[in-house]
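User: I am new to this structure. Please take me through it step by step.
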Amino acid sequence: MSATSSRLRWIPRLTLALLAGPVLAGVAGTVLPGLGWLPALGGHRLSLEPWRDLIATPGLLRSAALSISTGCGATLLAFATVLAILCACDGTRALGLVRRLLSPLLAVPHAAAAFGLAFLVSPSGWIARLISPWPTGWERPPDLLTVNDPWGLALTTGLVLKEVPFLLLMTLAALPQADAARSRTVALTLGYGRTAAWIKCILPRVYPQIRLPLYAVLAFSMSNVEVAMILGPNTPATLAVRLTGWMRDPDLTNWFRAAAGATLQLALVLSAIGIWRLGEKLAARLGRSWIFAGGRGRSDLPLRLIGFGLAGLATVPIITGLAGLAAWSLAGTWRFPDALPTAWSLNTWMRAAPDLAAAFAESLKIAAASVALALALVLASLESGDRNRERATGAAMHLLYLPLIVPQVAFLFGLQIAGILLRLEGTLAGVTAAHLIFVLPYIYLSLVDPWASLDPRYATAAASLGASTNRIFWTVKLPLLLTPVLTAAAVGFAVSIGLYLPTLLIGGGRVSTLTTEAVALAAGGDRRLIGTWGLLQMLAPFVGFALALALPALTWRNRRGMQVHP
Amino acid sequence: MNTILTSAALICLTTASAAMAQPVPDPTDWDGVLAEAGGQQVFFHAWGGDPRRNDYIAWAAEQVQDRYGVTVNHVKLSDTAEAVSRVVAEKGAGRDSGGSVDLIWINGANFASMKAQDLLFGPWAEQVPNWQYVDVTGKPTVQTDFTVPTDGLEAPWGMAQVVFYSDAERLPDPPASIPALGEWVTANPGRFSYPQPPDFLGVTFLKQAVSALIPDPSILQHPVSDADYDAVMEPLWTWLDTLTPNLWRSGRAYPANTSHLRQLLADGEIEIAFSFNQSEASAAIANGELPDTVRSWVLEGGTIGNANFVAIPYNASAAAGAMVFANFLMSPEAQAHAQDPAVLGNFTVLDMAALSPEDRALFDALDLGTATLTPDQLGDALPEPHPSWMERLSLDWTRRYGVGQ
């Protein structure tokens, strides 16, 4: 056993180095230009000039406030929605339906979901078309501010809709380890209502496992660019959108300000996570006395109805929006107020087909390679932790967060320079390595808690029956964790397919994937093309998620205890 | 600070270009260039948001592959600055040769910036064979990009001029001047907008407006100075203050770019749109996006025009191949193909008088499409103001209208 453990011992360190090295280099490449140091652009000495520029930017405060309000609002709402759905549906047949409806939405690229939603609710969108000219009498789209509202409501809604599937799937994957089914049975026997049983008995044990995904959601919601550009306010836009703009400014001196802005964004995200952590502590303190008070909450039907309602509200808009994009991809002529295209055509698909096929193959190659590598590294790290009785330390865990909380656009510039120095840019290997940085933490975050929660008595029992550590890993732990492992792989796959900036910057334009092509075309704003590419872009990860759901169900069809829900 | 840096950079570049040595490969030795280009891979970084232009680039790539054995890969960008930042990153990493960008579709501020940072290869553009056909007298913007001399560092491959377009059935008599447009917007609230500066087309609209509202637009040709900036811009801000409450969404939201503006017209949200591409309306009619009653028009006194260029970064891996491709883009054959509205509808940079009768016939045979104006109807293009105005303008616009409340 000691031979194997020493062989595996270096793997967690390698994994962390692979993850943190590039990100820390990238962060340095963000913070230093923010302090005026970027020799390529003639910044040779440190100064606070970029920060002064940043602070003098008109509307900066409002942009920063918008990042905080939309990001935190979306995370809270998404979390509340997931709770409501689970309180209402967990342990019932409805949960299976919700899961089947929501999981594919995880695969929808952010930009496509946002475009779909914008088409749905804009004054010339699908809803307005359905109620025009009868009964509203609108012959022309009304001049109403629905998307791009200055308060960021449309943006928050879009983020919630996109993050609910992710959080729900993460929570569902963690449920079996929290022994949810039996806890619920006991609580129901003791006379608790379903909602009370879930909040009081299951949530306290599930929450630690979904904390990391929640932080990732918080960081993403605060700093994302694609969704905010499409749905968010633009007078002014959120901080992330504005600093992306400065980074694209032909006046290269604006990059110093952008770097300072990215550092500010990083500080905002870190503070928000800190405040969230304090909120957790407060909720735990208040919640404990509430739980100990022993209220049974029997008449929770109204609450559960809200939960069912939210489950519907969380699925219908994106699915309808995507249907809208699908219709656009087949539209010849489609004018307001026609509810459907007046002429249909396959032109868009035919024209795009050759490009689509090539980009699709490239995307699959990169995703498969980066997910396989990441999964091997993560599983080996976790297994090594078990064998050497080491748990990931606090500092190590913080390093894991880095790729998820540092605004991509900023740390990738530093990474790009590193890629060029290592002669990795423009190669498939380089792009795969860059994807690995983003895929790894998602896979790790998805797996670490289910792994830690795996009842150690299985391994002990196997060992006492004479099984070697390797055999225990392959025949006990891995099969028991099949669902979370596959879910993690599917998440990683979706992440890889959806990565835009890393692919573009490290690929140097020489590696074109579905997403780089889709975003380039989306710049043209043609809904037909966006529909075509968005649908295909979502199809690839969708296959991954379908497999992640179907394989365990098939493998464990005769193992009741292994079902996600009884 | 930015303004100061830009002006400093502009001063530097005038001295830098004088000191430039003859580049390698040498464009005056065209046979040598052709020999070196054979078998090269050229990575052409160009905005990829227009499928028709993408198809045109693919066609041109096929031609140079067949004729010269040069392989051109179109790297589709969502923003030209991505290619600029790539070259900057390579310079930062010390990669002064073997760079990943061989050719960039560029103009205006991106060019001024790269030129100022010494990030361009050349001069080469005025030594390649097809330069002889370029109309340097009739189309002066082929040699001055937003008032910045190109100095042979970039080659023109198409003309661009602002055209307005609207549905002639709904709006038979469109406003023909900037003041008339202002009155029309007041009478039709919520039915006009422009892309949000610093979007290229949005700033162009502001420049168009200011040149119509001030008595002497020629002042815009000189670098901006603090002394006259406020006074020159005063009429624009007054005009915009009246315009903004009557804009689409009361000016609380703006379309992102030229395509978004076209989409709004297609959806019937706005009545008047405009573009830098003279055949935008014809193209959109052809693919069913706009009704066939849409027509293009220009303002009395002319609209702003410029040229599209291609430039080679200083560290390009395949400079010879890039020159061969750029030279092909300037050929009468490629220019006539681009001007065909069924292909791209992009007006030529060439001088008809300099062409052979056979080449001229290629252009005469083109049917420009119902919604495209002829070069005569387009009229004279107004020159682009100096880039320093653009920067101050978009900054001030953001302060006044871009941050709400």
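User: How many helices and strands are there in chain A?

Analyst: This is a predicted model, in which local features need pLDDT of at least 70, side-chain atom pairs count only at pLDDT 80 or more, and totals for chains, interfaces and linings use all residues. Residues are numbered from 1 along each chain as its sequence is written, and chains are lettered from A and ligands numbered from 1 in the order in which they are written. Helices (H or I, at least four residues) and strands (E, at least two) are DSSP runs, numbered from the N terminus. Chain A has 23 helices and 2 strands.

User: What radius of gyration does chain A have?

Analyst: The radius of gyration is taken over C-alpha atoms, and the globule rule is 2.2 Å times the number of residues to the power 0.38. For 566 residues, a compact globule would come out near 24 Å. Chain A agrees with that, at 24 Å.

User: What share of the residues in chain A is buried?

Analyst: A residue is buried if 20 or more other C-beta atoms, placed from the backbone, lie within 10 Å of its own; it is exposed if 12 or fewer do, and partly exposed in between. Of the 566 residues in chain A, the buried ones make up 56%.

User: Which helix gives the largest share of the side of domain 1 of chain A that touches domain 2 of chain A?

Analyst: Domain bounds come from an automatic or database domain assignment. In chain A, domain 1 covers 1-27 + 352-566 and domain 2 covers 64-234 + 299-344. The contact (C-beta atoms, placed from the backbone, within 7 Å) takes 35 residues from domain 1 of chain A and 37 residues from domain 2 of chain A. On the domain 1 side, the largest share is 13 residues, and these come from H23(A).

User: How many residues of chain A are in contact with chain B?

Analyst: Both chains contribute to this contact. Chain B brings 52 residues, and chain A brings 53.

User: Which element gives the most to the side of chain B that touches chain A?

Analyst: Several elements supply at least two residues each, including helix H1 (2-19), strand E1 (41-47) and helix H4 (81-92) of chain B. The top contribution is 9 residues, and it belongs to H4(B).

User: How do the residues on that side of chain B divide into nonpolar, polar and charged?

Analyst: Ala, Val, Leu, Ile, Met, Phe, Trp, Tyr, Cys and Pro count as nonpolar, Asp, Glu, Lys and Arg as charged, and the others, Gly among them, as polar. The side of chain B that touches chain A has 16 nonpolar, 22 polar and 14 charged residues.

User: Why is E2(B) largely enclosed by the rest of the structure?

Analyst: E2(B) has 7 residues. It is largely enclosed because the number of them that are buried is 5.

User: What is the handedness of the crossover from E1(B) to E2(B)?

Analyst: E1(B) and E2(B) run parallel, joined by 7 bridges (strands pair if DSSP finds at least two). B:Trp47 stands opposite B:Leu77 in E2(B). A crossover is right-handed if, with the strands pointing away from the viewer, the path from the first strand over the helix to the second runs clockwise. Here the chain passes through helix H3 (residues 51-68) of chain B, and this β-α-β crossover is right-handed.

User: How far apart do the C-alpha centres of domain 1 and domain 2 of chain B lie?

Analyst: Domain 1 of chain B spans 2-158 + 306-369, and domain 2 of chain B spans 163-304 + 384-402. Their C-alpha centres are separated by 28 Å.

Terms used. Two residues are in contact if their C-beta atoms, placed from the backbone, lie within 7 Å.
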